[in-house]
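Biologist: Walk me through this model. I would like to learn how to read its rings, its helices and its strands.

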Amino acid sequence: MKKSIVILFFLLAQITLAQAAFSTSESQRFQTKINAEYADAATSPLLAEDLKDFQRLAFYSIDEKFIVTAKLIRSKGEKPFDMNTSTARTPKYIKYGTLYFSIDEQNLKLSIYQNIELSKKPGYEEHLFLPFSDLTSGKESYIGGKYIDLKIPKDDTIVIDFNQSYNPYCAYNSKYSCPIVPLENDLNVAIEAGVKKFHN
């Protein structure tokens, strides 16, 4: 098993070395889009008192280092499970696979999930959910970690843009019920990318 993982990360290194420089235009569009959503009372998760003075979210500077190509190993035989949330709600998720990638020559991995009910809705059939926490959580970033939205790829690689990571809605308003980041997705590195925490 250990030998297989070493080979996997070696193959991933070849992919990383061969890939062209990433464009940060999608990261910039993400920031513009989320700021517009949060400024609109019809789509904002913010409390009324926060929305009143809202101008924009705080972000880390966009950094190509945090746009990575990951090797996707799809899970086999996984059963749906109850995802813990910030409330008593326990939505059904299934582990779709494991993502292997590297940042600053450090080999990392994250589990990626699919919401069973959401996947039945038109437009969300290929939606994947990537929650994670890291060494910035509880410091510059929200203590509960962050999320990234992805889509099922056609092949066995997927681009993760950590610059597009965002806070759960419950970071802004306790009325929301937010999935809690599974322990297996706690990274022992600082991902200085995406949305920062809202209040100091």
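Modeller: Start with two tyrosines: both Y147 and Y166 are buried. Buried means under 20% relative accessible area, exposed over 50%, and partly exposed in between, with a 1.4 Å probe and protein chains only. A word on provenance: this is a predicted model, where local features need pLDDT of at least 70, side-chain atom pairs count only at pLDDT 80 or more, and totals for chains, interfaces and linings use all residues. Residues are numbered from 1 along each chain as its sequence is written, and side-chain values use heavy atoms, with hydrogens and water left out.

Biologist: What describes a pair of aromatic rings?

Modeller: The distance of the centres and the angle of the planes. Rings of Phe, Tyr and Trp (its six-membered ring) pair if their centres lie within 6.5 Å; planes under 30 degrees apart count as stacked, over 60 as edge-to-face, the rest as tilted. There are ten aromatic pairs in the structure. Take F81 and Y113: ring centres 5.9 Å apart, planes at 70°, so the pair is edge-to-face.

Biologist: Where do F81 and Y113 lie?

Modeller: F81 is in strand β2 (residues 81–82) and Y113 in strand β4 (residues 106–115), so the pair ties together parts 32 residues apart in sequence. Helices (H or I, at least four residues) and strands (E, at least two) are DSSP runs, numbered from the N terminus. F81 has 29% relative accessibility, so it counts as partly exposed. Y113 has 1%, so it counts as buried. For Y147 and Y166, the centres are 5.9 Å apart and the planes at 90°, so that pair is edge-to-face.

Biologist: Which residues form one aromatic cluster?

Modeller: Y38, Y169, Y172, Y176 and F198.

Biologist: Which residues of α2 are buried?

Modeller: S27, F30, Q31, I34, N35 and Y38.
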